[in-house]
Amino acid sequence: MRGSALVIRLAALSGFLAVAFGAFAAHGAKDARAAELLHTGSLYQMTHALAVFGWLAVRKAGGKTGLATPALFLVGTLLFSGSLYALAFGAPRLMGMVTPFGGLCFLAGWLLLAWRAGTIAEDQA
């Protein structure tokens, strides 16, 4: 399986999980704080699953982009959303120290996507 095909499959699975955790936040979580953590995690997870598809659009349009951008989005999801989900299900508060590292991955992914998207315009000029 090619790298980009795996990335797209992982992004689609991430979107699926975002919907599942969001639904649990709305209908299954008994504790308000747990529901809030699940909601936030699912929102960021869905946003970055879709961002991977944005990366694919940049790639298909001729942007010079490798796999670093979607990797940052997917690893960021694992760290950011995953730590929030773990906290919602009772993990020790220490798990919250992982969350900012996921946020940094998201920020780096967006900067890299912006930079790589600029290569489309440069090539067409």
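This is a predicted model: local features need pLDDT of at least 70, side-chain atom pairs count only at pLDDT 80 or more; totals for chains, interfaces and linings use all residues.
**Aromatic pairs**

A pair here means Phe, Tyr or Trp rings (for Trp the six-membered one) with centres within 6.5 Å; planes under 30 degrees apart are stacked, over 60 edge-to-face, the rest tilted.

I looked at Phe21 and Phe89: their ring centres sit 6.5 Å apart with the planes at 55°, so I noted the pair as tilted. Phe21 belongs to helix α1 and Phe89 to the loop between α3 and α4, so this pair ties together parts 68 residues apart in sequence. For helices I use DSSP runs of H or I, at least four residues, numbered from the N terminus.

Buried or exposed, I asked of Phe89? Phe89 is exposed at 52% relative accessible area, while Phe21 counts as partly exposed at 21%. My cut-offs: buried is under 20% relative accessible area, exposed over 50%, partly exposed in between, with a 1.4 Å probe and protein chains only.

Next I checked Phe80 and Phe106, whose centres are 5.5 Å apart and whose planes stand at 55°, so tilted again. Phe80 is in helix α3 and Phe106 in helix α4, 26 residues apart, so I have it down as a link between distant parts of the chain. Both residues are buried, with Phe80 at 13% relative accessible area. I also took a C-alpha distance from Phe80 to Thr65, 15 residues away along the chain, and got 24 Å.

I wrote down one aromatic cluster too: Phe21, Phe24, Tyr85 and Phe89.

**α1 against α2**

I then turned to α1 (residues 3–27) and α2 (residues 32–60): their axes come within 8 Å and cross at roughly 155°. That makes α1 roughly antiparallel to α2 (under 35 degrees is roughly parallel, over 145 roughly antiparallel, 65 to 115 roughly perpendicular, the rest oblique). The axes are lines fitted to C-alpha atoms over the stretch in contact, with angles from 0 to 180 degrees between N-to-C directions. I sorted the contact residues into 18 nonpolar, 7 polar and 1 charged; Asp, Glu, Lys and Arg are the charged ones, and Gly goes with the polar.

**Confidence**

Mean pLDDT (the predictor's confidence per residue, 0 to 100) is 94 for the chain, and 95% of residues score at least 70.

**Ground rules**

I number residues from 1 along each chain, and side-chain values use heavy atoms, without hydrogens or water. Local features need pLDDT of at least 70 and side-chain atom pairs 80 or more, but totals for chains, interfaces and linings use all residues.

How values were computed
Helices (H or I, at least four residues) and strands (E, at least two) are DSSP runs, numbered from the N terminus.
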